[in-house]
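Dear colleague,

Please find below the structure that I am handing over to you. My notes on what was found in it follow directly after.

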Amino acid sequence: MRVLSVVLSGGSGSRLWPLSRQAFPKPFMKLGGTTLLQQAIERGQACGTGDLMVVTNQDHLFLTKDVLRQMPDAPDATLLLEPKGRNTGPAIALAALECTRKFGGDTVMLVLSADHLVPDVEAFVASASQAFRLAAKGSLVVFGISPTGPETGFGYIEVAHVSRESQPAIRFVEKPDLQTAQEYLATGRYYWNSGMFCFTADAIVSAFEQYAPELLAAARHALDSSQIEGNVVRFDTHAFGLQPDISIDYAVMERAGNVHVVPAKFPWSDVGSWPSVAKAHSSDASGNTMPHDVVAIDTTGTHVQVESHGPKVVATLGVRDLVIVDTPDALLVAHKDSAQKVKAVVDTLKDRKHETVNLPAVVHRPWGTYASLKEEDGYKVKRITVKPGESLSLQYHHQRAEHWVVVQGTAIVQIGDVEHKTLPGEYRYIPLKERHRLTNIGKDELVLIEVQCGVYLGEDDIVRLADTYGRA
């Protein structure tokens, strides 16, 4: 039996702002030292899946490649790059069609989300093995989570009675209000819908043909008009946009008659809010989850997370049940009871067109990263890193000059037509409107301090003349 891991790596994770941003969403956040995306991939590997398919946004290609590159035993991955989000229905339909083309329709697909936390991998493998057996017989399998409370943030699945054995699903219901959720729990007949699935490619394609034929036709069209470069599949924006924005639950699972629920015998969290992130950390005697160097006095039940460019002292005094998330460009202070409302903050910032909605404090690019350290009228200071062998585009700026100081590594700095080898401690000046390029020719990461001077310092003041990554 061939098993393919399909990892859905989408979403913006707006309830985890300011750490999660549109350009650096939840799957790339680290919990326990590794990203949630890497943990999802490793869960599939633990189940014996030899093949991997990741469905993600095209803007996250290089973030995804970085995660795979840093894994000690990364599998070969097929990457389906979505030009825009289209929900889990189209994502799974495209994955199933590509799976059929590449591996065969009898391949079992283990569909995982890249933003779940499952700390007990051994228990997950046991549940997945049960799902594989059901899927091989033609069932559409969903993993059900035994509710621990009247949660209003999850969909529910009704069964005859919650037990440790798999059984047919009676119906799927959407996120309920609090009273309805309490009624569900009282019956003992409902699981939370985990959003993790298992089926053969043939079985799910057949279900799409029966219950969502228009979606399947649109997915086929999108795949037929795609560009395949090695293991990377890029979709035409127009063809991709013809697919309906619909979940797999609405499209298929709620209608199909061969859906089985495998009860999760493992701890699970969708890491959907800061309190759930806090629960994923070990707490101290006062119920706090925070770095050891935080000064916490008369503080209980509080989560503190600090992402800083340098050392920073954080102290809490006389507070209860707060979430404090400090990043170089944004600070969130919220009561845990209001943590589900963080999305309202993000919506307000969107209305104000604030860049903290999209760009993180450390912005990842195909060649490396940059971070703004200081900005005032007329100047901006950045820290730039470049991976070994990589280079920025050949470019110029209309409204700013730049000063570059290498602090680590070995660079080639092209200014006009002249290339300058530049070592740590050496400096280069790039005049206004002068063509320039930065390349790391060393074996280690290149680190550069850039000082921009000009009347306008926006990221859009860039004219690319040539680019390794197709952005010119």
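**Findings in the model**

Tyr156 is buried, with a relative accessible area of 0%. Please bear in mind throughout that the model is predicted.

**Aromatic pairs**

A search of the whole structure finds 11 aromatic pairs. In one of them, Tyr156 and Tyr184 form a tilted pair, with 5.2 Å from centre to centre and 55° between the planes. Tyr156 belongs to strand S8 (residues 156-158) and Tyr184 to helix H5 (residues 178-187), so this pair ties together parts that are 28 residues apart in sequence. Tyr184 is also buried, at a relative accessible area of 12%.

Tyr156 has a further ring partner in Tyr190. That pair is edge-to-face, with the centres 6.5 Å apart and 70° between the planes. Since Tyr190 lies in strand S11 (residues 190-200) and Tyr156 in strand S8, the pair ties together parts that are 34 residues apart in sequence. Tyr190 counts as buried, at 5% relative accessibility; the cut-off for this class is under 20%.

Elsewhere, ring pairs join Phe124, Phe143 and Phe266 into a cluster.

**Charges over rings**

Phe124 also has a charged group over its ring: the charged end of Arg43 sits there, 5.9 Å from the ring centre. A second case involves Tyr370, where Lys382 lies over the face of the ring at 4.0 Å from its centre.

**Helices**

The buried residues of H1 are Leu36, Leu37, Gln38, Gln39, Ala40, Ile41, Arg43 and Gly44. Just after H1, Gly48 adopts a positive phi of about 90°.

Two other helices deserve a description as a packed pair. Helix H6 (residues 201-211) packs against helix H7 (residues 213-224) at an angle of about 120°, and their axes are 5 Å apart. H6 and H7 are therefore oblique to each other. On the H6 side, the contact is made by Val205, Phe208, Glu209, Gln210 and Tyr211. On the H7 side, Pro213, Leu215, Leu216 and Arg220 take part.

**Backbone features in loops**

Which form does the peptide bond from Trp17 to Pro18 take, cis or trans? The bond is cis, with omega near 10°. Pro18 is found in the loop between strand S1 (3-9) and strand S2 (30-31).

Asn87 is not a glycine, yet Asn87 has a positive phi of about 75°. Asn87 is placed in the loop between strand S5 (77-82) and helix H3 (88-103), and counts as partly exposed at 37% relative accessibility.

Asp321, likewise a residue other than glycine, has a positive phi near 55°. The loop that holds Asp321 runs between strand S17 (315-317) and strand S18 (322-327). With a relative accessible area of 34%, Asp321 is partly exposed.

**Annotated regions**

The UniProt record, an unreviewed entry, carries the annotation "domain: MannoseP isomerase/GMP-like beta-helix" for residues 293-349. In the model, this span is 14% helix and 39% strand, and its end C-alpha atoms lie 31 Å apart.

Ile415 is located in strand S25 (residues 411-415). Is Ile415 buried or exposed? At 15% relative accessibility, Ile415 counts as buried. Leaving aside residues up to four places away in sequence, Ile415 touches His420, Arg428, Tyr429, Ile430, Pro431, Glu434 and Arg435. The C-alpha atoms of Ile415 and Tyr396 are separated by 9.9 Å, while the two residues are 19 residues apart along the chain.

Yours sincerely

Key: Residues are numbered from 1 along each chain as its sequence is written. This is a predicted model: local features need pLDDT of at least 70, side-chain atom pairs count only at pLDDT 80 or more; totals for chains, interfaces and linings use all residues. Side-chain values use heavy atoms; hydrogens and water are left out. UniProt positions are given in the numbering used here, feature names are shortened, and annotations may be inferred rather than shown by experiment. Helices (H or I, at least four residues) and strands (E, at least two) are DSSP runs, numbered from the N terminus. Rings of Phe, Tyr and Trp (its six-membered ring) pair if their centres lie within 6.5 Å; planes under 30 degrees apart count as stacked, over 60 as edge-to-face and the rest as tilted. Buried means under 20% relative accessible area, exposed over 50%, partly exposed in between (1.4 Å probe, protein chains only). A charge sits over a ring if NZ of Lys or CZ of Arg is within 6 Å of the ring centre and within 35 degrees of the ring normal. Axes are lines fitted to C-alpha atoms, for helices over the stretch in contact, and angles run from 0 to 180 degrees between N-to-C directions. Angles under 35 degrees count as roughly parallel, over 145 as roughly antiparallel, 65 to 115 as roughly perpendicular and the rest as oblique. Contact means heavy atoms within 4.5 Å.
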